[in-house]
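Here is a short report for a reader new to this structure. Look over the sequence and the model first, then read on.

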Amino acid sequence: MSDESTKELIRREVENLIAETKKAVSDVKRFAVSEVWKILQLLTAVVIRLIENFGKDLSSPEKKKLALELIGGFYDQIFIRVDLPWVPSVLEPIIHSHVKSFLMILVSSGIDAMVATFRQIGVFQPKEKEVVEAAVGMAEKNPIVENFLKDLKTIVRK
């Protein structure tokens, strides 16, 4: 599989994740910063696993660049309104991009830490790859995406 088709496969999986997340949080008007950070950590683990499972032909820098792109896109589409309790509501839209930039710096460091940890504890197993690949492009849901959505519901207040 070429680098571009691999990236497109991963992008499609994350687009599916975004669509399902939009449905799951459709009644949420604003996210607390703490919720955003928890969801980003959960999402980072999911994106890393998807990239590791499908992106065997990608270099480490390509994987990280793709992960940051996908996580940033998720942020832009899901976290339209983030509640900053210490900032007046009128100023929140102005500060929103700065909050995203700060959180993405943390996500970047988190990617490095998670990849190292996942490798050390054996999260990247060939058996898991087969299960995930079997779910791609089929009517079945990807188990990584399904687990994310289940965990998302425990984080987001209703």
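How much space lies in the largest pocket? About 160 Å³. The model is a predicted one.

## The chain

The chain is built from 6 helices and 2 strands. Read from the N terminus, the order of elements is α-β-α-α-β-α-α-α. There are 158 residues, and 45% of them count as buried.

Take the contacts between residues at least 6 apart in sequence: 83% of them join residues at least 24 apart.

## The nonpolar core

In soluble globular proteins, nonpolar side chains tend to be buried together. Here, the largest nonpolar core holds 50 residues. Phe31, Leu40, Phe74, Phe79 and Phe148 have the most contacts inside it. Five elements are listed as giving two or more residues to this core: helix 1 (3-24), helix 2 (33-54), helix 3 (60-78), helix 4 (92-121) and helix 6 (143-155). Helix 2 gives the largest share, 13 residues.

Which residues does Phe79 touch, leaving aside its neighbours within four places in sequence? Phe79 is in contact with Phe31, Val36, Ile39, Leu40, Phe74 and His96. Among these partners are Phe31, Leu40 and Phe74, which are also named with Phe79 among the residues with the most contacts inside the core.

## The largest pocket

Back to the pocket of about 160 Å³. Its lining includes Ile48, Ile51 and Glu52. Ser60, Lys63, Lys64 and Ala67 also line the pocket. So do Ile111, Asp112, Val115 and Arg119. Helix 2, helix 3 and helix 4 each supply at least two residues of this lining.

What is the make-up of the lining? It divides into 5 nonpolar, 1 polar and 5 charged residues.

## A buried lysine

Lys7 sits in helix 1. Is Lys7 buried or exposed? Lys7 counts as buried, because its relative accessibility is 15% and the cut-off for buried is under 20%.

Leaving aside neighbours within four places in sequence, Lys7 is in contact with Leu58, Glu62 and Leu66.

Key
Residues are numbered from 1 along each chain as its sequence is written. This is a predicted model: local features need pLDDT of at least 70, side-chain atom pairs count only at pLDDT 80 or more; totals for chains, interfaces and linings use all residues. Side-chain values use heavy atoms; hydrogens and water are left out. A nonpolar core is a set of buried Ala, Val, Leu, Ile, Met, Phe, Trp, Tyr and Cys residues joined through side-chain atoms within 4.5 Å. Buried means under 20% relative accessible area, exposed over 50%, partly exposed in between (1.4 Å probe, protein chains only). Helices (H or I, at least four residues) and strands (E, at least two) are DSSP runs, numbered from the N terminus. Contact means heavy atoms within 4.5 Å. On a 1 Å grid over the protein atoms alone, a cavity is a set of points where a 1.4 Å probe fits but cannot get out, and a pocket is an open set with protein on both sides within 12 Å along at least five of seven lines; lining residues have an atom within 4 Å of a point. Grid points are joined across faces, edges and corners, and a volume is the space filled by probe spheres set on the points. Ala, Val, Leu, Ile, Met, Phe, Trp, Tyr, Cys and Pro count as nonpolar, Asp, Glu, Lys and Arg as charged, and the others, Gly among them, as polar.
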